[in-house]
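Good morning, and thank you for joining.

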Amino acid sequence: MVTILRLLGRRLAALPLMILGITLLVFLVLQAAPGDQASSALGDGASEEAKQQYRQENGLNDPLVLQYFRFLGKLLQFDLGVTTPPAKSVASMIGSAFPLTLQLTFLGVLIAIVLSLAFGVLGALYRDKWQDQLVRVFSIAAIATPSFWLGILLIQWFALGSNPLFPSGGIATPESGFGGWLNSMALPALALGIPVSASLIRVVRTSMVEELDRDYVRTAIGNGVPYREVVSRNVLRNALVTPVTVLGLRVGYLLGGAVVIEMIFALPGMGQLILNGITNLDVNLVQGVVLTISITFVLVNIVVDLLYLLINPRIRTV
C-alpha cells in the first residue's frame with residue numbers, strides 16, 4: 001500500500017506540469033491554424049471595422065503571452081469560454097457530449113481486452129498449430145483494417161437491408177433502457193475495439209509464450225500442479241504486465257478513434273463538437289475538446305501505472 005501511495009503521489013505531483021505543457025501546446029497550435037476568428041464569428045460579409053472591434057473586445061490583438069495567461073486564468077476557474085455565435089458555454093457542451101465518448105471508449109476497451117485475452121492465450125497455448133495460425137491471420141487482418149472503414153462495413157452488413165440487426169446510427173433514447181443503449185452502441189464499439197485488439201493479441205501471445213517457457217512453470221508442473229491452474233493463476237497474471245502497458249498507450253488511439261467513429265455513426269459525442277469547432281474555426285470549442293481528451297489520456301495512464309502494482313506484486317519491491 002505504501003508503494004502504491006508513493007507512486008500515486010509522484011504521478012499527481014507531476015500532473016500540473018503535464019497539464020501546463022498540454023495547454024501551451026494546444027494554444028500555440030490553434031493560434032497557428034489558418035483562418036480568422038473574427039470572420040468565423042461575424043461572417044465573411046462583416047465589415048473590417050466590425051471585425052476589428054470583435055478582435056479588440058475579445059483580446060485577439062493582444063500579445064500571445066497575454067492571451068495565453070488569460071486563457072490559463074479562465075481554465076483555472078473551469079471556464080472554457082463560449083462558442084462563436086450563437087454563444088453557448090463550451091464547458092456545458094462538453095459536459096453533455098463527453099459521457100457518450102467515455103461510454104464508447106469503455107466498450108471499445110472492453111471488446112479489445114476480451115478479444116486479446118481470448119485469442120492471445122489461445123495462440124500461446126497452441127503455438128505453431130492451426131489455432132495459432134488462425135489467430136495470426138485474424139490479428140494481421142484486424143491491424144490492417146482502419147476503424148472508420150470497419151465501421152462502414154459493419155453498417156452495410158448488420159444495419160442495412162430489410163431486417164437490420166442494429167441501427168445504422170444515433171443513440172437510443174433513455175426510454176429504451178440498457179438494451180436499447182447497448183444495441184445502438186454495439187457496432188461503434190466493435191469498429192473501435194477490433195483494430196485495437198489486434199495489436200494486443202500479439203503482445204498477449206508473446207508474453208504468454210515467454211512465461212510458459214520459464215523454469216517455474218516446468219517446476220510447478222513437475223510437482224504435480226495442474227497445468228490449467230499454473231496457466232490461470234501464475235502465467236496469465238505475470239504475462240499481463242506488458243499488455244497493460246500497451247493498452248494504456250492505446251487509450252489515446254481509442255479516444256481519438258472514438259471521435260471519428262462518432263461521426264460515422266452520427267453519435268452526439270466529442271466528435272460532433274470538434275467537427276463543428278474546426279468547421280467554424282471556433283478556437284474555444286476546439287481547445288476545450290482537445291484539452292479534455294488530452295487530460296483524460298494522462299489520467300488513464302496514471303491508473304495504468306497503478307495497475308502494474310496490482311497485477312504483479314514483484315514490481316512493488318523495485
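**Helix packing and nonpolar cores**

Let me begin with Phe178, which is found in helix α8, residues 177-212; helices here are DSSP runs of H or I of at least four residues, numbered from the N terminus. The model is predicted: local features need pLDDT of at least 70 and side-chain atom pairs count only at pLDDT 80 or more, while totals for chains, interfaces and linings use all residues. Residues are numbered from 1 along each chain as its sequence is written, and side-chain values use heavy atoms, with hydrogens and water left out.

Phe178 has a relative accessible area of 59% and is therefore exposed (exposed means over 50%, buried under 20% and partly exposed in between, with a 1.4 Å probe and protein chains only). Its C-alpha atom is separated by 23 Å from that of Leu160, 18 residues away along the chain.

I turn to the helix pairs. Two packed helices are described by the angle between their axes and the distance between the axes. Axes are lines fitted to C-alpha atoms, for helices over the stretch in contact, and angles run from 0 to 180 degrees between N-to-C directions.

The axes of α6 (residues 130-143) and α8 come within 8 Å and cross at roughly 140°. These two helices are therefore oblique to each other; angles under 35 degrees count as roughly parallel, over 145 as roughly antiparallel, 65 to 115 as roughly perpendicular, and the rest as oblique. On the α6 side, the residues that meet α8 include Asp132, Phe138 and Ile143, and on the α8 side they include Ile194, Ile201 and Arg205.

For α5 (residues 90-125) and α11 (residues 241-264), the axes come within 9 Å and cross at roughly 125°. This pair, too, is therefore oblique. Among the residues making the contact are Leu100, Leu104 and Ile113 of α5, with Leu247, Ala258 and Ile261 of α11.

Finally, the cores. A nonpolar core is a set of buried Ala, Val, Leu, Ile, Met, Phe, Trp, Tyr and Cys residues joined through side-chain atoms within 4.5 Å. Of the 27 residues in the largest one, Leu104, Met185, Leu192, Ile261, Phe265 and Leu267 touch the most other members. At least two residues of this core come from each of α5, α7 (147-158), α8 and α11. Which helix gives the most to this core? That helix is α8, with ten residues. Another core lies apart from it, with 14 residues, including Ile94, Phe98, Leu255 and Ile293.

Terms used:
Contact means heavy atoms within 4.5 Å.
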